[in-house]
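Subject: Structure for you to look at

Hello,

Here is the structure I said I would pass on. Please open it first and then read the notes below beside it.

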Amino acid sequence: MTNQKDVVVRHPYPVRVAHWVTVLGFFFVTVSGLGFFFPSLHGLLGFLGTPQLAQFLHPVFGLVMVAGLIVLLFRNAPHCLPEKDDSKWFKHIPDILKGNEHHVVEVGHYNPGQKMLFWKIMGLTAIMLVSGLIAWRPYFAHLFPVPLLRLALLVHSMCGILMMFMIFVHIYMGFWYKGTLRGMTQGTVSRSWAKKHHPRWLRALATKGNKNT
Amino acid sequence: MQINRRQFFKVCSGGMAGTTLAALGFAPGTALAQARQYKLLRAREIRNTCPYCSVGCGLLMYSLGDGAANAKNTIFHIEGDPDHPVSRGALCPKGAGLVDFIHSKDRLQYPEVREPGTNKWKRISWNEALSRIARHIKDDRDANFVEQNAEGVTVNRLPTLSLMACTSITNEVGFLTQKLTRALGLVHVDCIARV
Amino acid sequence: MQVDKHHYVSSATNALTPAPQKYVYQQEVAKLIDTTICIGCKACQVACSEWNDYRPDVGHNVGVYDNPADLGPNAWTVMRYNEVEENGKLQWLIRKDGCMHCEKPGCQIACPVPGAIVQHANGIVDIVQDLCTGCGYCIAGCPFDVPKQNPIDKRVYKCNLCVDRVFAGQAPSCAKTCPTSAIMFGSKADMITRAEKRIAELKSRGFANAGLYDPEGVGGTHVMYVLHHADRPELYSDLPKNPTISPMVRFWKGAFKPLAAVGFIAMFAAAALHYIGVGPVAEDDEEEKKHD
Amino acid sequence: MTNHWVDIKNANLVVVMGGNPAEAHPVGFRWAIDAKINNGAKLMVIDPRFTRSAAQADEYVQLRAGTDITFLLGVIHYLITNDKIQHEYVRNYTNASFLVRDDFAFNDGLFSGYNADRRAYDRTSWAYQFDEQGFAKRDPSLTHPRCVWNLLREHVSRYTPDVVENICGTSQERFKVACELIAETSAPDKTMTSLYALGWTEHTVGAQNIRAMAIIQLLLGNMGMPGGGINALRGHTNVQGITDLGIMATALPGYLALPSERAHPDLRTFLSVVTPKLQVQGQVNYWGNYPKFFTSLLKSFYGDKATPENDFGFNWLPKWDRLNDFMYTMSAMEDGKLNGCICQGVNVLAMFPDSNKSIRALSKLKYLVVIDPLDNETSAFWENHGEFNDVNPASIQTEVFRLPSSCFAEEEGSRVNSGRWLQWHWKGADVPGDGRNDTQNIAGIMMAVRRLYEQEGGKAVEPLLNMSWNYANPEQPSPVEVTREMNGRALADLADANGNIVVRKGQQLSGFGQLRDDGTTACGCWIYSGSWTEAGNQMARRDNADPSGLGNTPGWAWAWPLNRRVLYNRASMDPQGNPWDPKRKLLWWNGAVWTGYDVPDFTAAPPGSAVTPFIMQQDGVGGLFAQGKMAEGPFPEHYEPVESPIGTNPLHPNVVVNPAARLMENDTKNLGTPDEFPYVATTYRLTEHFHALTKASKLNAITQPEAFAEISETLAKKVGVKSGDTIQISSKRGVIKVKAAVTKRIKKLRVNGQDVETVGIPIHWGFKGETVKGHMANRLTTAIGDANTQTPEFKAFLVNVKKA
């Protein structure tokens, strides 16, 4: 076990709460969304009680997810701004996929892949929020013309699928990079993990810490 | 290209066959789809004619209750009588909506009186209603009946009471009305044939 | 007699798990609405409402005869009136609007719920409200803007061609009640024959463009119109000229589904293969540890 | 209807004028559509508004409301000048050849014999010339200047196409289209049917509108023909039956007259006055049997109490002093001359002209009894409903009773449709709540009054107690008992001319041919005789077989008279008995009698005999000239509506309106003028509603929820409104507020050098019912009416319109 000295705070408590709220929303929205998208997966709608309840809850959980993401947007956007080294990271993706990220680039708070994912999720969520509101029955959909409704439903489903892909990548990465998950559960990661995967962040953290002391 | 429905659905749903999860055995919904039970199956069918205009379309009225002593018939559906030579089963919007006329919220339920100068209806019994009406008529008739005119011709008329008859009533009611009016001596008698 | 029919063709199934194949040997039926002898009396509206036990709210007059103003969950059919004046001759074109019972029903294609929108072997397309979740996809799928959602129970409603009457051997209530026989019901073949006769008669009265509205874009319909101006269906309160299921709906409910499924498969496979091939990325830097 | 609904399908031309069957009789209209589809017929609609009937028409012709006579006399002028006449028919079957008295004249808008003080004509001069035997003089060559043909030709000569255009606002080109179409049916094998309803009757010249078309149909040889005739589409479901039963001020059942105090002091005088005299030797003059019909009615009314000694109870009938029709009654009521009123299913407020007057009148009553299935405006006339009925209940001293009654579904009995079919119907459920059947309601009043007289005595007990009321349960007569009574029965064994007993005492009669004037038969309504015979209920028959293919279904229900479906059907054949059109063969001579698919409207006179087909007429022929029967003239003449938008009569400015129109002082005070009320209003029904009844039915309320009026685009622009705005329509009598429906279907017309706008006002709303509360259209209308029928002029009056 690593002792307290060996860990650094990766995600503060509010960020962790927001993340897991988002996860909760995403989970239900995805389960029901798949049920709506693939008729053969209609049975998934039962996961939220009845299909009719799923129809009601799907947008509600969508909004839960949006709420979590709004917090994450404000907390994490500064960490996700592009940096000049990002292109180097992208050039080395094949190496990175082989697990050699730490050999090829020095990553800051988030690596460019994470940053890109962050913005894509934010962007997709925005689109889904708008398209979802347009298609939301029985409250809003009747206010819009049918052609717009069709577009909204198509865009919503496409974005949803894309989002699922991204979240899948996100989960897989967390699973693949051992030691990452606790950063979002307990909030801390080991210094060695940080040093290996986000050395610039760790250094920046140290500088900041020195200044503070 | 003529494409029949079966092929069409193969095209549309063909992709789905490839979906991972369909293959995992998520069965489609069971065939719950059923047409609504035909609602006239054992309803009592009574023949009538439409009470609105004078085309006189044939009606079939369907009532709940099969005529058994313990069931109170109530009409829940009306449609055209296909045997009728004029209407041949058709009904206009008025006739097609007759069931809501029968069960209108405006149907009167019991005799009522509105006393002079008051602002409300008062429920009364049939006995009271008919007695009071008869009293009015008799007092009026005794006071104003003209047996002979100035020339001595027997005229036997009551000029102070009028009766206006509907033209939707049956002939039988009409004939009784005719007899009532002339027995009372009414000459202010008319129906609404002109309006 | 066309028999290549399913009894219940559920939209929300696939070739691996087809819908039950019972009662498939049925005549294809159709309702023929002859707008040229329609007197716009609304008997069909009333009979529909009466038979199917629904009542919309009493609305208001807005300066036209159209009441209720539009189709609704409690107005499965409405008359639409349009005054057209051409060459000094006034025509009052009146059309009974409602579900067209498409051979390729956009609503059914869009519907995500197995069995919620069914097409009977005789061609009738019906929404089974017990199963309907209220997603409204059918509303987006319909090229005629017919299905309407009830805000109270959130289910979607439309004309079912009185499927209960038809299976009991009777014509739909609108057809039976129509005072001038402007609505006829029978086998689709018979209805086309009648339409052809009517069109010939109309042409003899000077309506050179009289014709039948049985649009191919939706595979033909089980509710067809005889129009005086078949070349300009839009005169009849915006009856679409070439209705088709929107490409957006077709992509959404067509190619996109297998693509997405393939995407999922590919991703799962890639992840699995990747993990098996590369293995986990350790928490610590092994090399650094060695240095230590 | 001279013909019947299904018979319309046989027409070659269907002319809808003064009616709107697609809206008011949609199911009957199916046969007009059928004529188009299956008989290649043309449909022509002539109307101030482009109606839903017009939407189906091959030709639509617009005219100004209230100018139908001008149009029709213009058509007659066209037919005569272009020789589009069925000459053989006219010569043999009409009074074209009859000579008219020399003192008959028409000058400057007035026929001979006008008395301006009485606003009535002395009609003596409107008669034929008679020979020494008392028979009418004739000139078969039609050359005599006093023959009807020449008088008619002269009378209509003023109605040229430009006069028609000037008065009706119809372009000469459209008028010509109409004339040509109509003229085509002068061919013996072509027929035109005329479909009309209240669009013709609700004018001060209502009856003459119909006369004008009747003349056309005679000239074209279309009367008595399958697919021809003059067909009153009629209004209410049993308006035919209730008219047949004479529930009117001066009538008794079967078009018999209620005696008057002036002309009919006793039975013998009465019968001698009312029984028509034969005018042409050898003709039938079936009304000559009047005494049989009348005596049998008295026997039906007074039973054993009616004896030859007491004139069969003739004096127990009330005798009228003046024509107390509903319009006069309402005026008298307004003047406080009445104490009570029984409204049996009549919504006075909604239906009668000038609703404000109706409220004033009802407020003067001591008691009002409303028998009705519905809570309606009339029983609630004293209720304050804000702007919709702004009255003060405290100031209204009328005691109002309302008795809940049955509706159609809760009773059995017969009703007569426009084709004169008596159709029996059956009860499906009980009256809701504590309601009672109509028969019970009428009997209840009768018995309650009688009980008081029996207990207390009183005035004129005999007429009251002698009226027969021999029902198993006098409180609740069964419709079967009553209908058998109307059919009539033998009170003694009846023998034919040879002394053979044909009907036993007590048996039901099988037709009015069996009626006697000696008191041995009783019959409540002679024209219904044959409806319930010894063979049972003929009205309940349900054989819809059509052996002729002409839509004649003699086995369905029962038509008066004698189950005859097409009146004057002998006229469908030439004098030799050959059908004018072999495809329309209804009857033929089998060597001994006339027989066929219909009951012959004729005697047993063989083909080629001198007996002419119109057997009910004194002269046996169709009347181009109406002798003394019409109040305002033997020929129709154009008179403006009493409220005329042009304020003059271009034909004779000194006689603008019908000189015999029925005016009452209360109403003449309330007439508007075009400077104050410049637009012509016309009221009417819509398909979706039936008068003031269906607003109680939710299904119908949904389809037309709210009061509106239709105006042209030009008028809308002028008053600055668009569709859906609220407008205020006012007449001299009242004001209503309704939604505006701006439409291309009503157009501005050019009449006598000025623009005339029409305002169309449907009548279906009030302050009760499922619909949105609305103002009653009859607040605007006038109670001035037709001289013959006392029908109010709902179809043409003046209003003003402004944005509300």
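B:Glu112 stands opposite D:Arg402, a residue of β14 in chain D. The strands involved are β4 (residues 112-114) of chain B and β14 (residues 399-404) of chain D; they run antiparallel and are joined by three bridges. Two strands are said to pair if DSSP finds at least two bridges between them. Strands (E, at least two residues) and helices (H or I, at least four residues) are DSSP runs, numbered from the N terminus.

Before going further, note that this is a predicted model: local features need pLDDT of at least 70, side-chain atom pairs count only at pLDDT 80 or more, and totals for chains, interfaces and linings use all residues. Residues are numbered from 1 along each chain as its sequence is written, while chains are lettered from A and ligands numbered from 1 in the order in which they are written.

Next, the contact between chains B and D. Chain B gives 100 residues to it and chain D gives 134 residues. Two residues are in contact here if their C-beta atoms, placed from the backbone, lie within 7 Å. On the side of chain B that touches chain D, helix α6 (residues 171-184) of chain B has the largest share, with 13 residues. That side of chain B is made up of 49 nonpolar, 30 polar and 21 charged residues. Nonpolar covers Ala, Val, Leu, Ile, Met, Phe, Trp, Tyr, Cys and Pro; charged covers Asp, Glu, Lys and Arg; the others, Gly among them, are polar.

One residue to look up is B:Met164, which is found in strand β7 (residues 154-165) of chain B. Is B:Met164 buried or exposed? B:Met164 counts as buried, because it has 25 C-beta neighbours inside 10 Å. The cut-offs are these: a residue is buried if 20 or more other C-beta atoms lie within 10 Å of its own, exposed if 12 or fewer, and partly exposed in between, with C-beta atoms placed from the backbone. Leaving aside residues up to four places away in sequence, B:Met164 touches B:Asp190 and B:Ile192, and on chain D it touches residues including D:Phe326, D:Cys341 and D:Val348. The C-alpha atoms of B:Met164 and B:Asp100 are separated by 26 Å, and these residues are 64 residues apart along the chain.

Now chain D as a whole. Its secondary structure comes to 21 helices and 33 strands. The C-alpha trace of chain D spans about 80 × 70 × 55 Å along its principal axes. Of the 804 residues in chain D, 63% are buried. Among contacts in chain D with a separation of 6 or more, 72% are between residues 24 or more positions apart.

Some backbone details remain. D:Arg119 is not a glycine, yet has a positive phi of about 50°. D:Arg119 sits in the loop between β6 (114-115) and β7 (120-121) of chain D, and is partly exposed, with 15 other C-beta atoms within 10 Å. D:Gln627, also not a glycine, has a positive phi of about 45°. D:Gln627 is in the loop between β25 (594-596) and α19 (665-668) of chain D, and is buried, with 20 other C-beta atoms within 10 Å.

The peptide bond from A:Arg137 to A:Pro138 is cis, with omega near 0°; A:Pro138 lies in the loop between α6 (112-135) and α7 (146-176) of chain A.

Regards
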